[in-house]
Amino acid sequence: MPRMATAMETRSSETIPASTCQVRKLWLRFLRRNDHDLLPISFNGVLIAALTVTFADVMGQGKLILAHSAIWWVMVLQHFCRCRAVSSAVVSSGPELGEDEASSVEAPAGVFSALAADQTCFVGACLTLLTFWSAAIFAGDPSDEEKFWWAISSYSMYLVHALLAGDLFICLLRNDLDQRNMGGLKEMIAPLLEAPPFLSLTAECYHTVSKSGSRPGQNATRKVVTHHAKEWVPYSGWCDATEFPQMDGLSSDTPFFCMVRVRVSGGAALKDRQKTFEDCHRQDIRQNYSSALTVARLDSEAQWISLCCDRKGLTARYVLASLCLGAVPWRLRFASQAAYLHLVILKKLVFDHPVPAGFHMAPQMPKPRGEKRTHDQWAFRGRAKSLDDPDATVLPSIYVCDFGIHWLRKRFVALGVVCCVLCCAVSVLSCVSAQSRGSKLAAIISAGLLALLEGPYITSFAHRVLMWSAKSARNLGVAAGTMVAAATIVMVCTSFWISVSWESWQHRGPTCVQELAGASKETAWALYLSDGFVDQTLVKTSHNTCHNKKHHPKSWPCQFIYASPIYHDAAAAADNDSAPLAWAVASGARPNQVLCSERGGICGFAAARIFRPGDLNRFRKLVSEQSDPALVLIGDPEDYMRDQRHVFLSAWVVLMLVFFASLHALYKLNCSTSARETADHHRESEAQLGTSGESLLHLLIDTRLVNEDEEAKHDNGGT
């Protein structure tokens, strides 16, 4: 009997772990704050740079480029300021937290207070105005291709910022998708309250090495790390000391953002162990010591935020408002109605034996990492590797795209449709890219999105199904994404033959020099004429002046262009009174007389299909006799397009191979995920069944002990 009682007392002090399913739901519900600005910053920066480079020779939208660049720099500065404001302190000096870290509730504020709190609204309002501005510019001249693509890109940058910047959209999305699986606030926070804390200490010892630079007086400093170690603080027991603030003043339908931070308090004993760790790993000249706390996969590098709201359809409403350029008013209205709950999860640690009442036994700590010093030992000895690594890097904070991929992972058909749509878009845009520089840019950007979608799944397939190493699987995913991007670029560069073939199939094209003028030269691609003579004795030339301070001489003529008149025949060229019917233009070399066997005359391409608008303007200024001259690049089209067809088809085959490989990887991952979820469900069911059986056994033992005591009392009374 005493032995059973001791076992029951020991059981009451064991750790109460949160289940894997609860932690997974908690992780999917919460997200790390201030991490969701990198994607819109990267997308907008790449798009602005790509548009500027693509239309570099047409600087008609200089003010619009400067405005977008200024807004982009504001986004970068805001992200930098928010990251600098994140606190990294995780250890409390005493059993109580400071006033700035105590749990509190902020009631819904007005519109102006919401505008001051939400820093993304300013950038969103500026991007909305730029979208209206670019649309008005395009409406004034609908025939300008550059203005059309700038209007589309301005709207894309606004939409990406509205949906991906900040944490509102991802909070709405997670709330709508997970509100069926999560209960109230206490149930949502339960894994944090039940999970034990893991406090790690990290030491980095280093020295700096100075090296003389290439210029006099220039020194380069390099950091040399000589020692690195990471250990987990051992303790005997822990308890949760989280205090929930009063929320009596809020109505039941008020949405509120729950912002969580994890903290630990250990008193003087914890400070002593920190000092022991620092003394043990005090090497080299300089040292950096840091601490990290992890509770149920949530660490304390920044706040973790989640939206708690019973309203349904908020995500659809916000997406609809964003599509209609009303994202900023919707954000302000919702922020003015929402409350903010600042919750601090506090864990108290004890280092005494035996463990005091009300505290749980400490879990097993992972093995230390790095190098052990001094005297060939660690600061904390006697530990075993736990089955579950508590590092938060195992389950990092996911972004909107990662959350979408995680949501689509269980929906193989939908994810396959997304991949098919992107692959078809890349193929179609690559085929028509010769007709528009905006199509080239759209094809390359779509290929980047397709590579970002296919690469991770091929990596996961190689690592989880084929059992490759993490490095090899990552290299395979990078290679797959690189192949998609390279194949698309090759297709864009060799798609000229498709436009030529399409134009030849649709239109007869000009057959003589007289037909080059008028509308025919606007739709022509390859030219096969029955007549024509290039007068090579009359050549007009022009050049630009290049400057370089390091070059000798500092300026020199460069970028030569040439133009020769085209007549009906040689007799017309000899007649001084006849005017040129067209002009043969070239860059870097003089135009030549090239005859093709198809019709017996000169052949070549329409210059507007080969040269950029800036070069075309230079050609028009060079041949100023005509207001709108017909410009022809002389050359044999068959020689120019001889290998383009084979190269294009080879690149398209590579794109299709990677596409079908990604579909196969998605299918296998879907099968393995379903099997793993089934196994986890059976394992959790068995664990719950074992816990229920053990509880029933203890209940039977307690009942038997009570019955034996009553029988003993009855016997003593009878005696």
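Begin by selecting the five strands that form an open sheet in the order E9-E8-E4-E5-E13, with antiparallel pairing; strands here are DSSP runs of E with at least two residues, helices are runs of H or I with at least four, both numbered from the N terminus, and two strands pair if DSSP finds at least two bridges between them. What you are looking at is a predicted model, in which local features need pLDDT of at least 70 and side-chain atom pairs count only at pLDDT 80 or more, while totals for chains, interfaces and linings use all residues. Residues are numbered from 1 along each chain as its sequence is written, and side-chain values use heavy atoms, with hydrogens and water left out.

Stay with the sheet and colour its edges, strand E9 (298-299) and strand E13 (369-370), each of which has a single partner strand, so one side of each is left without a neighbour in the sheet. Next select strand E4 (residues 197-212) and strand E8 (residues 286-295), which run antiparallel and are joined by ten bridges; to find one of the paired positions, pick Thr 202, whose bridge partner in E8 is Ser 290.

Move on to the largest nonpolar core, which has 42 residues, and among them select Leu 172, Phe 257, Tyr 318, Trp 330 and Phe 334, the members that touch the most others. Such a core is a set of buried Ala, Val, Leu, Ile, Met, Phe, Trp, Tyr and Cys residues joined through side-chain atoms within 4.5 Å, and buried means under 20% relative accessible area, exposed over 50%, partly exposed in between (1.4 Å probe, protein chains only). Helix H8 (residues 168-178) gives the most to this core, with six residues. Around Phe 334, and not counting residues up to four places away in sequence, you will find Leu 168, Leu 172, Pro 255, Phe 257, Leu 307 and Leu 314 in contact.

Now centre on Thr 242, in the loop between E6 and strand E7 (256-265), which counts as buried at 15% relative accessibility. Its side chain makes a polar contact with the side chain of Asp 240 (3.1 Å), and also reaches the backbone nitrogen of Leu 346 at 3.2 Å; a polar contact is a pair of N or O atoms within 3.5 Å, and within protein one must be able to donate a hydrogen and the other to accept it, while residues adjacent in sequence count only if both atoms are side-chain atoms.

The C-alpha atoms of Arg 618 and His 543 are separated by 9.2 Å, although the two residues are 75 residues apart along the chain.

Finally, colour the chain by pLDDT, the predictor's confidence in each residue, from 0 to 100. The mean for the chain is 76, and 74% of its residues reach 70 or more; confidence is lowest in helix H1 (residues 2-12), at a mean of 30, and highest in strand E6 (residues 237-240), at 90. Where pLDDT is low, the predicted coordinates should not be read in detail.

Terms used
Contact = heavy atoms within 4.5 Å.
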